[in-house]
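Thank you for making time for this today.

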Amino acid sequence: MLSDSLYERGEALDLVAAEAERVRAGTGRLVLLRGATGTGRTALLEAATENAEAGGMRVLRVRCSPQAGAPGSRLPAIEQLLAPVRKLTVPAERGGSRDSMGPMRAMGSTTDAVDRPEDLPPAARLWRSLCAYAAEGPVLVAVDDVHLADENSRCWLIEAARRVDQLPILLLVTERSQYDVDAPYTGLVHTLSPTLVRTHTLAPLSLDAATELVRSSVGDGSPQSEYSPQWVADCVRAGAGNPLLLRALLEDLNAATGAPDALPETCAALYPGAYPAAVSWWLDCAGAATADAARVLAALEEAAEGTDIELFTETAESTGADPSRVRGWLTAMTRLGLLRHDADGLPRYTHPLLRDAVLAGWPAAGRQAAHRAAAEVMVRRGDPTEAVAGQLLRSGTVDEAWATDALLDAATGAVRDDRTDDAVVLLRRALTEPMTPGRRAEVLTELGSLEFAAVRSSAGIPHLTEAMRLPGLPQYRVRAAMALGTALARRGEARAAVTLLRNLDGQLTEHPDLLHTVQTASALLADHDQTTRDEMYRHLRDTAEHSPRTLGAAGRALLVRYEATAGLTSADAAMKQVRALLAEPVGHLAEPFLLGTAAAVAQWADELDEAERLTDRGLSLQRPTLLHPMYEALLNVRADIAAARGDYGRLLNDPDSWRREGTGAPDGGRSGPEWRTAGPGKGSAGTSTSTGSGSGSGPTNAAAHVLLALVETDRIEEAGRLADAFDLREAHDSWELNRFLYARGVVRAASGDPAGALGDFLECGRRQSARDVLSPVVTPWRSAAAQCQLALGHPREALALAEEDLRLARVWHTPRVLGRSLRVLGTATGGRHGLDLIDEAVRVLREASVETELVPALIARGRQLAAAGEGTRARKSLREAAERAERLGAVRLYATANESLREGGARRTTTTLTASERRIAELAAGGRTNTEITELLHVARRTVETHLTSTYRKLGIRRRGELTAALNRAPHVPHAPHAPDVRRTG
């Protein structure tokens, strides 16, 4: 029987059966079955009529619709209902002009004697037909969807309900009863006495019933074990306890082959599409206002921010809906099971698939209008611009200033939070809104810069080019040109970049400050190509000779830098010049160039604190999101400063302090930097040791510093893997490639490959010399090559390299380069004269406290003294070297000093942990990160890293996870008399 397929409708069927028994006894009644769309009113009606027929009752049926009835019909629904019996009981109507409906008078009574039936009003004739039919036996009058019937037919049924109590007639009527946003339908029985009608409201299916319906539908032919409990629960949620929706969904799912892994979240995955069709019908039944509200809610929920009740209500109100009715609809739909409230109390559809079905078929213009209305509401409420922009991303062009401001503010926030992809999307959307040419140029420049860095190197070029071509103030064009030039240079197109900038010269004749800026930017970008660089600096020197003021302060600073690298000036002279230039007034666009160039010179001059201040000032003037020739240069200077200080921990573990996008390990050093396992340009978070710019042009200064830091911390194998990961055949010709060649040479030398290292050092020197970069202050390739020549048994060649290095070092004349050159020349020279040279190196470096070069000089002196038979002095020098290397965190030099001590028969330095080392090690073993230890003990992070490095070496371990066991084995000296105080030493 049909009733067997119904769930939780037994009570309604029992009610109808009981009333049918009353009818058989001659007492009729109206039974009203009410329910929301899809709750199974029609199915229940059909089951009830089937049961009545089985019990011997005759059944008259009609399904109401707005279009029912023939043209001219006065009671179309009733005429259709009684058509089968009127042919038997009443002559055909020949027309009439009486009122089609009147109350009791028009209906007449069952005993009215009228000789001419055609003279009766239509309502009375229909009533007489029904009464005559009922006189032959009990009748079930089944009327489906009475809410769709014409008004006259509904009045006829109401009047009939008042008269059937003495007749064997059961009026069984279904009516849609659901809270809609539109003005409510009054209902059939609102004027009837409760004694005349039995009403039953159909509730949504319970969770158990809905679950059973799903399991019974998918169980046939397939083991239930194939369908996970989660899948079943998702089906129940998507069906929302509504039999219509649930059965339609199951129809689509049963059409698929095999057990699904998960319920889809979009209707596109459903076939043949019964479910979205059912949802669409559900919306149609609810009316236009309700459908609009339902779709607005779905659209707002689809946004990442979701929606609150007030936002939804006010947005729906913009479509003309009554806000009070909208709030009531939310409550009603929650009770019906189609909506739920999430953990934050926000209204949501019970499943994403239901939400998608609600949106299916809604024109794009409707969605966009809803999101625009929501954005306007949020702006009025003062919501965060990020939330407003989330709506604007889904709306069409608003064509108003507030939308532009919201999108750009949100993009700024995304950049600040390092959500580059989000910023790109927001800026692209902002460009569809109105803005002035200058502002559009700024947005295009920032967008192009972000696309170049985050998407791919070619992605930003069109937007940067467009920014250059916009009319407006020349400074916007200059910014765009510098960004485009930077992008081209990083792609290996340095000549094109310089040509691009030089082409602006004629447009800036009335703006000397901007002209100076463009000339300086051109010179800086020319560093990426040797030929272009030679041409550019030849032009700068000629200009400086004839009219130096036309260069501007930043351009003259570049010439000071050139002379420093070419070995043509001393550090004192260079610093005097750049300090004078810094005192000159300079335009805001040119200032970063002056600061960055001055910082580089100061770093070479060992004025590290001053260099750091200049670098920080320069970076504070930069927007990291904009491509700028000096931004990378400033970051490179920051890295150079860290290397000069021997701050290896910062170079390896604190990428945000200087690197473009980061290559460091997570806090605490629990795992190595991403370059341990990733090749160039690939990291765990999409970061890169190559360029950080999306250019993919090969190794950079960042990679070179990482290699050198790995060597100094005795992580030679890791350094080798990173060095080998770069394919230099694809690298662009630039100064950064030369720095990398030097660093790779250091790695190869430390790995026991002096021949391979020598090749790298000489190639680095050849390339640097071709650029007129001769001074060892930039890349000390001669000293490094000289040591390789000694290792290969070529002392004459080593001596020549070392002597030339010292000659150039005496020109620049800073302790760092001078001490290094003296050390290497002393080693190459040997004998008493060689020892004197190394003694001079130690003295120079000790007076200047250049620890990174003093330690190698002390080791070289110790070895020379040991070779000369002065064991006591040798051991003293080597022990000092070991102690200084340990404090510095230079693990390789520490090991070298100890190895030299052993070779000389001396006892190596202590392996007992100091009190400070043990305290830090115990905290680390207990799970504290380096940052937490730093904050807990109020010491510098570098101090923590140095102590842990020393602890690892003394305990003979390599990983943090080995600390606990190693500490238990190690001797504990809680009151070591010479334990260093754990304080900030950097």
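This is a predicted model: local features need pLDDT of at least 70, side-chain atom pairs count only at pLDDT 80 or more; totals for chains, interfaces and linings use all residues.

F726 and F740 are both buried, where buried means under 20% relative accessible area, exposed means over 50%, and partly exposed lies in between, with a 1.4 Å probe and protein chains only. Residues are numbered from 1 along each chain as its sequence is written, and side-chain values use heavy atoms, with hydrogens and water left out.

Let me stay with aromatic rings for a moment. A pair of aromatic rings is described by the distance of the centres and the angle of the planes. Here, rings of Phe, Tyr and Trp (its six-membered ring) pair if their centres lie within 6.5 Å, and planes under 30 degrees apart count as stacked, over 60 as edge-to-face and the rest as tilted. How many aromatic pairs does a search of the whole structure find? There are five. In one of them, the ring centres of F312 and W329 are 6.2 Å apart with the planes at 40°, so this pair is tilted. Because F312 belongs to helix α12 (residues 309-317) and W329 to helix α13 (residues 323-336), the pair ties together parts that are 17 residues apart in sequence; helices (H or I, at least four residues) and strands (E, at least two) are DSSP runs, numbered from the N terminus. Both F312 and W329 are buried.

The pair of F726 and F740 is edge-to-face, with 5.1 Å from centre to centre and 65° between the planes. F726 sits in the loop between α32 (716-724) and α33 (735-750), whereas F740 is in helix α33, so this pair ties together parts that are 14 residues apart in sequence.

Helix α33 also holds R748, which counts as partly exposed at 26% relative accessibility. Leaving aside neighbours within four places in sequence, R748 is in contact with D753, G756, A757 and D760, where contact means heavy atoms within 4.5 Å.

R58 lies over the face of Y133, at 4.0 Å from the ring centre, and the charged end of R325 sits over the ring of Y179, 4.0 Å from its centre.

Now to the interior. A nonpolar core is a set of buried Ala, Val, Leu, Ile, Met, Phe, Trp, Tyr and Cys residues joined through side-chain atoms within 4.5 Å. The largest such core has 227 residues, of which Y275, F312, W329 and W812 touch the most other members. Leaving aside neighbours within four places in sequence, W812 is in contact with residues including A564, V601, W604 and V817. A second, separate core of 37 residues includes L32, V85, V141 and L171.

Which residues of helix α20 (residues 461-469) are buried? They are I461, L464, T465, A467 and M468. These residues cover an arc of only 160° around the axis, taken from the directions from the helix axis to the C-beta atoms, which puts them on the same side of α20. On the other side of α20, P462 and R469 are exposed. The cover over the buried residues of α20 includes α19 (437-454), α21 (474-490) and α22 (494-502).

Next, the backbone. Most residues other than glycine have a negative phi, and most peptide bonds are trans. A cis peptide bond joins Y271 and P272, with omega about 10°, and P272 lies in the loop between α9 (243-254) and α10 (274-286). D399, although not a glycine, has a positive phi of about 65°; D399 is found in the loop between α16 (385-392) and α17 (401-416) and is exposed, with a relative accessible area of 55%.

Finally, the whole chain. The protein chain has 45 helices and seven strands, and buried residues make up 56% of its 986 residues. Among contacts between residues at least 6 apart in sequence, 66% join residues at least 24 apart. The structure holds zero disulfides, a disulfide being a pair of cysteine sulfur atoms within 2.5 Å.

Conventions
A charge sits over a ring if NZ of Lys or CZ of Arg is within 6 Å of the ring centre and within 35 degrees of the ring normal.
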